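I'm opening my notebook on this one. Here is what I looked up, entry by entry.

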Amino acid sequence: MIMKKALPRLLALSVLLACAAMAQDQEGTINPAPPKGVTVDQVIQKFAEKEKVFKKERENYVYTQTVKVQTLDGDTVDGEYQQTVEVTFDDKGRRVENVTFAPQNTLQRVSMSREDFQDIESLMPFVLTSDEINDYNIKYVGQQQVDELGTYVFDISPKEKQMKSGHRYFDGRIWVDDRDFQIVKTHGKPVPETHKGNENLFPRFTTYREQIDGKYWFPTYTRADDTLHFKTGDVHIREIIKYTNYQRFNTSIGKITVNYGGSKVEELNPDPLTKEDIVETLKGGTPAKTMTEIVKKRGVNFDVNADTEQEIRKAGGDTDLIQAIENNKKS
């Protein structure tokens, strides 16, 4: 965030409230005992490898990202930036971002910098892969219960000698699930900041992840509530970012857009469907009714036998879908 020099203004905010908001993310007892049955280095290697898989797999999903950035004067919102983006694929299978909602920006005391947009895109949904762990100092803190999850806690910070100009880094704490070895929560801030000349400061944030499709811990909610201490005065910043409607993009079947019970279908590939296309798409959450309509349009390239029918029904298919497959076999 960059302070707008044309409107210097001192915002009175209780430091106690800011500290309390930060402490809420750190609450709970941390047991400094070492990991169970594995070494600290093994835990780091395991979650870094999982993060590499996660980063690659998330690129195969479509989802909706909503961003809200506010400045507050006491409890009153006096400026706001909003944007909703549909992360999807075009008709050639290339990843694209379509802005579907962008009201007028009313932020007056600060402006969004290029680094702010970089952070929203790539740092707040932070990943730490096996290709990136050498860029960070990683310190094991202990074990902590997060809701119903047992986690290993690590403090991480970028190695100054490894920091590249123009690159954004994370400085803070991560929580790693002790079973799946995937990051489930992050709390910290983007770095570097600029404190001389045209100041560019950034709030601390917390990102929570949820398990998607029973496999991957994807970010679903990010919140920042912090005070940026500019030389010309303090500014209370609140940011909320939500990532919703995750749907896997199947390169052979095309994009299936289903909003939890809806039936909107967008197809990118006209070829007949394979059994694997149908089974995997059903497993991904597409309703049988939607799948039936796709089969009627595209046809299939396989015959239905008892084993195939059982597999499709187990994935979520019904009698209408089986009938559509039998009636739409392409030679």
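In which strand is N245 found? I looked it up: N245 sits in strand β12, residues 233-248.

**Ground rules**

I'm working with a predicted model, where local features need pLDDT of at least 70, side-chain atom pairs count only at pLDDT 80 or more, and totals for chains, interfaces and linings use all residues. Residues are numbered from 1 along each chain as its sequence is written, and side-chain values use heavy atoms, with hydrogens and water left out.

**The whole protein**

I found seven helices and 12 strands in the protein. Of its 331 residues, 45% count as buried. My cut-offs: buried means under 20% relative accessible area, exposed over 50%, and partly exposed in between (1.4 Å probe, protein chains only). The protein exposes about 17,400 Å², and carbon and sulfur atoms supply 47% of that. Those areas come from the Shrake-Rupley method with a 1.4 Å probe; for residues, only the protein chains shown count as cover.

I also checked contacts (heavy atoms within 4.5 Å). Among those between residues at least 6 apart in sequence, 60% join residues at least 24 apart.

Most residues other than glycine have a negative phi, and most peptide bonds are trans. Back to N245, then: its phi is near 60°, a positive value in a residue other than glycine. N245 is partly exposed, with a relative accessible area of 25%.

D213 also has a positive phi, near 55°, and is not a glycine. I found D213 in the loop between β10 and β11 (216-230). With 36% relative accessibility, D213 counts as partly exposed.

Next I looked at the peptide bond from V191 to P192, which is cis, with omega near 5°. P192 belongs to the loop between β9 (183-191) and β10 (205-212).

**T186**

Is T186 buried or exposed? T186 is buried, at a relative accessible area of 2%. This residue is in strand β9. Leaving aside neighbours within four places in sequence, I noted its contacts, among them M124, F126, F170, W175 and F205.

**Helix α6**

Which residues of α6 (306-315) are buried? I got T308, I312 and A315. Seen down the axis of α6, the buried residues fall within an arc of 60° (taken from the directions from the helix axis to the C-beta atoms), so they line one face of the helix. What covers them includes α4 (275-283) and α7 (319-327). The face turned away from the buried side carries the exposed residues A306, D307, Q310 and K314.

N305 caps the N-terminal end of α6, with a side-chain oxygen 3.1 Å from the backbone nitrogen of D307. Just after α6, G316 takes a positive phi of about 125°.

**The largest pocket**

About 820 Å³ of space lies in the largest pocket. The volume is the space filled by probe spheres set on grid points, which are joined across faces, edges and corners. On a 1 Å grid over the protein atoms alone, a pocket is an open set of points where a 1.4 Å probe fits, with protein on both sides within 12 Å along at least five of seven lines; lining residues have an atom within 4 Å of a point.

I noted 32 lining residues, of which R58, E121, S122, L123 and P125 lie nearest the centre. The largest share of the lining, six residues, comes from α3.

Technical notes. Helix = DSSP H or I, 4+ residues; strand = E, 2+ residues; numbered from the N terminus. Polar contact = N/O pair within 3.5 Å; in protein donor to acceptor, adjacent residues only side chain to side chain.
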